[in-house]
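Morning. Please have the model open.

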Amino acid sequence: MYKKLLPLVAATCGFFATAAHADQTNGWFVDGSAGTAHYKATVDGLSGTDSNTAFILNAGWRDQGLIGFEAGYTNLGSLSSTDGYGDHAKLKADGWTFGLDGHFNFNDNWYMSARTGGFQWKLKATLSVNDSYLGSATYRGSEESLGWYGGLGTGYDFNKHWSVGANFDYYSMNKHGYDIGTHIFSVSAEYRF
């Protein structure tokens with residue numbers, strides 16, 4: 001009789017272990033990422049690429065360890081360039097995000113993640129011109145609008161509170177002659193309450 005009960009007990013224990021694991025990523029979370037932002041920009045017909053350091057901070061909530069919402073801040077870093085005449089240009093981008101967030105475990109520890117939503121971005125530009133006849137002058141401008149973002153990642157859940165991962169995110173900024181797409185490769189850490 002005990003031999004017949006053993007598979008039933010094992011199956012029941014497996015069910016509770018699976019159910020407990022599914023609860024690991026429920027509820028509130030905060031995460032942070034740091035990595036490299038790669039810009040591809042077209043501004044009034046001129047185009048170029050460059051890269052810099054970026055970071056992402058998010059907080060949100062997930063239901064059943066799967067789909068939830070997130071809100072956060074993304075700093076896409078700054079780019080600068082100087083020509084041979086002493087002229088200097090700098091472009092800085094950042095913004096706020098709000099969207100959907102997913103965390104999908106495919107075994108006890110490894111997961112895939114996905115995120116997408118709106119990106120309220122702001123670009124700040126500074127141009128310093130050095131003219132030997134007219135002197136130097138500095139010009140500043142900014143532009144802001146609503147764009148979008150999306151990302152995919154994978155990582156490892158150490159326990160029900162902590163995980164680390166690697167991510168790819170894309171941010172789109174497009175308005176009044178600006179067409180800037182920025183992708184970020186980053187590493188992240190997440191804490192779940």
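This is a predicted model: local features need pLDDT of at least 70, side-chain atom pairs count only at pLDDT 80 or more; totals for chains, interfaces and linings use all residues.

Residues are numbered from 1 along each chain as its sequence is written, and side-chain values use heavy atoms, with hydrogens and water left out.

The protein has one helix and eight strands, taken as DSSP runs (helices H or I, at least four residues; strands E, at least two) numbered from the N terminus. The order from the N terminus is α-β-β-β-β-β-β-β-β.

Now the rings. Rings of Phe, Tyr and Trp (its six-membered ring) pair if their centres lie within 6.5 Å; planes under 30 degrees apart are stacked, over 60 edge-to-face, and the rest tilted. That rule gives 13 aromatic pairs. One of them is edge-to-face because the rings of Trp28 and Phe69 have centres 6.0 Å apart and planes at 85 degrees. Trp28 is in strand β1 (residues 27-43) and Phe69 in strand β3 (residues 67-82), so this pair ties together parts 41 residues apart in sequence.

Tyr73 and Trp96 have ring centres 5.1 Å apart and planes at 55 degrees, so that pair is tilted. Tyr73 sits in strand β3 and Trp96 in strand β4 (residues 88-105), 23 residues apart.

How many residues form the cluster with Trp28? Trp28, Trp61, Phe69 and Phe98 form one aromatic cluster.
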